[in-house]
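Here is a short note on the charged side-chain pairs. Please keep the structure open while reading.

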Amino acid sequence: MGKSDFLTPKAIANRIKSKGLQKLRWYCQMCQKQCRDENGFKCHCMSESHQRQLLLASENPQQFMDYFSEEFRNDFLELLRRRFGLCKVDETPKGWYIQYIDRDPETIRRQLELEKKKKQDLDDEEKTAKFIEEQVRRGLEGKEQEAPVFTELSRENDEEKVAFNLSKGASSSTATSSKSSSLGPSALKVIEATASVKRKEPSHSSAQSKEKKKKKSALDEIMEIEEEKKRAARTDYWLQPEIIVKIITKRLGEKYHKKKGIVKEVIDKYTAVVKMIDSGDKLKLDQTHLETVIPAPGKRILVLNGGYRGNEGTLESINEKTFSATIVIETGPLKGRRVEGIQYEDISKLA
């Protein structure tokens with residue numbers, strides 16, 4: 001048999017080597033050709049086909065790089081698809097996140113213990129939350145009862161004697177009564193002088209002290225805290241659908257300058273599609289090119305910013321000196337509330 005025969009051991013060995021894996025340093029990515037050794041790779045680089053492929057790649061290198069990247073990505077994802085039992089793959093905004101799953105029994109045991117501990121912690125937190133809710137409920141029920149009102153010491157008749165009873169039982173009450181009856185005239189004069197000084201105080205001071213001593217209920221305090229948070233919750237955007245606005249930019253010409261329109265749509269919080277009232281034209285404008293419209297008293301308005309955002313109401317009056325208005329809320333849980341000091345830019349007329 002000749003050396004070039006197809007079935008010779010050398011020919012078979014060469015075919016086996018060509019099908020197997022070779023060194024990456026002898027692989028030409030541009031021509032997608034695998035060389036068996038360094039000499040073969042050198043001969044391939046000097047070949048005419050390789051030089052011609054280099055010229056084609058130099059004309060549009062980005063296209064070739066994208067093709068190679070896409071090929072690698074597809075092959076890599078195909079490999080992961082077949083090996084999902086060994087790793088966990090997630091697609092995040094920053095890219096693909098691959099996590100290897102450890103099948104070691106000791107690792108699995110530790111994970112189970114950790115999950116059990118987390119579940120116990122959650123149960124304890126739920127119990128604590130329920131206990132706090134129960135305490136708050138009981139506190140609110142107790143606060144609903146009328147709190148005692150403390151009054152000042154006073155008497156209508158100056159000749160009437162003043163007696164103090166600090167007894168805690170039958171024996172102490174007897175002793176106290178005997179002591180009060182045994183007071184001398186000098187002690188009575190001191191008590192009468194003290195009572196007369198208290199009577200001279202103005203009546204409104206006693207009323208103020210009563211109001212201060214009255215404690216607010218927990219529900220009232222919570223509502224005040226929530227309202228204070230709402231007042232501070234302001235944003236830099238205020239556009240809302242179905243409100244009337246005025247165009248203040250001059251870039252659109254005199255046809256639209258100082259003209260009013262209705263906001264039909266809000267895009268990305270800061271842009272509005274406005275339909276002009278006069279002409280019916282639709283314009284896409286930024287909120288910096290618009291301003292709110294304050295109606296006449298008695299008209300309906302919408303709150304655009306602050307703690308009462310989104311509530312509809314009625315304009316009661318305006319204060320031109322402070323550029324503010326007084327409104328009455330007509331929707332939501334605060335219906336019927338009268339709010340003062342609302343700035344002009346926080347409300348606008350409803351269409």
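1. Start with Arg 300. At 38% relative accessibility, this residue counts as partly exposed. Keep in mind that the model is predicted.

2. Glu 330 forms a salt bridge with Arg 300. The closest N and O atoms are 2.7 Å apart. This pair links distant parts of the chain, 30 residues apart. Glu 330 sits in the loop between strand 12 (324-329) and strand 13 (338-343), while Arg 300 is in strand 10. Glu 330 is partly exposed, with a relative accessible area of 27%.

3. Glu 312 also forms a salt bridge with Arg 300. Here the closest N and O atoms lie 2.3 Å apart. Glu 312 has 27% relative accessibility and counts as partly exposed.

4. Next, look at Arg 338 and Glu 340. They form a salt bridge, with the closest N and O atoms 2.5 Å apart. Glu 340 counts as exposed because its relative accessibility is 52%, and the cut-off for exposed is over 50%.

5. Finally, the total. How many salt bridges does the count come to? The count is nine. Among them are the pairs Glu 312 with Arg 300, Glu 330 with Arg 300, and Arg 338 with Glu 340.

Key
Residues are numbered from 1 along each chain as its sequence is written. This is a predicted model: local features need pLDDT of at least 70, side-chain atom pairs count only at pLDDT 80 or more; totals for chains, interfaces and linings use all residues. Side-chain values use heavy atoms; hydrogens and water are left out. A salt bridge is a side-chain nitrogen of Lys or Arg within 4 Å of a carboxyl oxygen of Asp or Glu. Buried means under 20% relative accessible area, exposed over 50%, partly exposed in between (1.4 Å probe, protein chains only). Helices (H or I, at least four residues) and strands (E, at least two) are DSSP runs, numbered from the N terminus.
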